[in-house]
2 protein chains.
Amino acid sequence: MRTQLVTIHDVARAAGVSPATVSRVFNGGKVTPARALSVQEAAAALGFAPNRVARSLRKQRSSVIALIIPDIENPFFTSLARGVEDAAQRTSLSVVLCNSDEDTDKERRYLEVALGEQMAGVIVAAASQDETDLGPLTDRRVPVVAVDRRPRDAEVDAVQVDNHHGGEVATRHLLQAGYHRIACITGPEGASTSEERLAGHRTALRAAQGGAAAADDAYVRHADFRVDGGRAAMRELLALPEPPDAVFVANNLMTIGVLDALREAGRTPPDVGVLSFGDVPWASLVRPSLTAVELPSYELGRTAADLLLQRMDGSVSPVQTVVLRTKLQVRKSTAGPARR
Amino acid sequence: MRTQLVTIHDVARAAGVSPATVSRVFNGGKVTPARALSVQEAAAALGFAPNRVARSLRKQRSSVIALIIPDIENPFFTSLARGVEDAAQRTSLSVVLCNSDEDTDKERRYLEVALGEQMAGVIVAAASQDETDLGPLTDRRVPVVAVDRRPRDAEVDAVQVDNHHGGEVATRHLLQAGYHRIACITGPEGASTSEERLAGHRTALRAAQGGAAAADDAYVRHADFRVDGGRAAMRELLALPEPPDAVFVANNLMTIGVLDALREAGRTPPDVGVLSFGDVPWASLVRPSLTAVELPSYELGRTAADLLLQRMDGSVSPVQTVVLRTKLQVRKSTAGPARR
DNA sequence: TACCGGTGTGAAATCCTTTTCACCGGCAGG
DNA sequence: CCTGCCGGTGAAAAGGATTTCACACCGGTA
């Protein structure tokens, strides 16, 4: 029941060496094997654990990295977090997770903590494209990687998915399945992910020519990437004089809201086509009839962590952006509209 | 583009005072208003931000608290995390999340980090009832609160749900709905949550007397609280000579596996009764016919945080355990077995 | 024998803030 | 007018590890 701190000095005294030597034993410095052994024994006997705070202060860098995500309740981000963790696992670094809750104030506070705690690196899925300020971090040479979303003018490495291409493929798939009036529910205006996915959708419509591109803007809705937003947007669309016969939804959570709105209206997916950008968690199990653009969320995290580790190892190569490929996950029952 | 650290000394020099005074300005010590102002101006001009590491070293305590959870991909825990965050939000503390992944090694590492980083407090949903060792923390007087799961012999405050009662209510509900052969898929042996929920189930069966308690043990399965475990257990149960006509599943994720196994077998819920301990995320939207024991996950987190804050404020009241009430969330279509 | 290069070691400086302690000045009471 | 007290202030120590620097000692060469 010791409540007093065991320091490197205590170990040094017990082993009959200097504190410097103890430090070297724990950090791979050159030490005579005999001495090293006696230090290790003394440390074990005293139950010594190095004080990470003191170490961080001296080294001007701690050994934990921060992962800042905007929504801890979105399985996309938790899967991404797993990727980061697994990559960090192979090093001696620990990952701590911070939930900004899509709130730029909370995010700023966490960025301050990361800076003030002298964290070894930061991976951030930015809450905002404009307000997220990575300057203080980069000024102090803290390695930073942006993941999923890219802050507008930050000079940092980034990892994203091919939003435009994914959106294009999604809408093309709906067209090919025989749907004609295809709506799009995308995220907030100004978010890179929203805009790019919508742009992909439009590209596909334009390419199809045959009258499909007609209604366009009346069928586009901006929502907030959350369940409620998706539900509200879908209700609006269903209330139109000529409702869409299919919808491309720009994220997983909004898709849940969309499905809910459809249920209210007594419609089910193969009847109205639904294509989700991002896997709808577990829905694949309870309702397998949903086609989605599959996002490599785990790999996104792993890649971001790898990039960060490179920078921490002192890589000075120019800033890079990695784009990961999405994949259309086709499920049989979206084959086409019911009344076709 | 300053890369050099601005210290309290720089501010002191700029303001023409001593470092001690600067410190006092930032920590609410007594300082003449005029001086305080000039210090604040100097700090702002220099872009000074206190070095949290140095502060932690000196104070022997940092201003972040750790929340260690066993599965970041389980919405139950992420919701709990939100509760913790929101409670901490009102103070100057920051919360960092650590995912132990149900792995006692990873968990131990995070506990070491929490200790080594001199965190102000720790909230932990233990990966194991026996192997999780909170001793080092409590020895050093770091406030600790156990949430959801309680490490066997740790002298710490705890917050849990009424597992026994919840399990009893669940199975009673199935009985009342007309099911007769009710199975139970619970968590790993030795976990407090598994055992208590199972015990509640048995209590309900015993009370029903009328032949229902007969088969009992043949209908009990221990799984791992994960989707795959639930699926496997349900497959086994379905393969029995006389399969159950209903099942009480001890957590949300396993319920998803159970539903999947049922789908494979061509059965759907009102036909075979399914009662989940813990809400199945979003399934309520895509398949509303599921009755569940609703867990106050968010409140669990908030209460744990409140308890922790009390201890951090120096409360010396004896160790307490708070038990939160569960609620049966009845949904119409589980009203009874189809063939009744 | 004298000198040199290399290796392992310890003393001490360093990282930045908080906090103790002594001190100074001013004000109130005797 | 003197003493006592008190609030504000600065100098300096403390907190625990890393790292620089100088030094002692070893074996080997000139």
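Predicted model: local features only at pLDDT ≥ 70, side-chain atom pairs only at ≥ 80, totals over all residues.

Mentor: Residues are numbered from 1 along each chain as its sequence is written, while chains are lettered from A and ligands numbered from 1 in the order in which they are written.

Trainee: Which helix supplies the largest share of the surface near DNA strand D?

Mentor: A residue is near a strand if its C-beta atom, placed from the backbone, lies within 6 Å of it, and 29 residues surround DNA strand D, with A:T7, A:I8, A:S23, B:S18 and B:K30 the closest. Helices (H or I, at least four residues) and strands (E, at least two) are DSSP runs, numbered from the N terminus. At least two residues each come from α1 (8-15), α2 (19-27) and α4 (52-59) of chain A and from α2 (19-27) and α4 (52-59) of chain B. The largest share, six residues, belongs to α2(A).

Trainee: How many residues does chain B bring to the contact with chain A?

Mentor: Two residues are in contact if their C-beta atoms, placed from the backbone, lie within 7 Å. Chain A gives 45 residues, and the number from chain B is 45.

Trainee: Why do the buried residues of α4(A) line one face of the helix?

Mentor: A residue is buried if 20 or more other C-beta atoms lie within 10 Å of its own, exposed if 12 or fewer, and partly exposed in between, with C-beta atoms placed from the backbone. In α4(A), the buried residues are A:R52, A:V53, A:S56 and A:L57, whereas A:R58 and A:K59 on the other side are exposed. What covers the buried residues includes α4 and α6 (104-116) of chain B. The buried residues line one face because, seen down the axis of α4(A), their directions from the helix axis to the C-beta atoms fall within an arc of 140°.

Trainee: Which residue of β9(B) is the bridge partner of B:A246?

Mentor: Two strands pair if DSSP finds at least two bridges between them. Strand β8 (residues 246-249) of chain B runs parallel to β9(B), joined by four bridges. Five of the five residues of β9(B) (residues 273-277) are buried: B:V274 and B:S276 point one way, and B:L275, B:F277 and B:G273 the other way. The partner of B:A246 is B:G273.

Trainee: Is B:I72 buried or exposed?

Mentor: B:I72 is found in the loop between β1 (64-69) and α5 (75-89) of chain B. Beyond its neighbours within four places in sequence, B:I72 is in contact with residues including A:T78, A:A81 and A:R82. It has 23 C-beta neighbours inside 10 Å, so B:I72 counts as buried.
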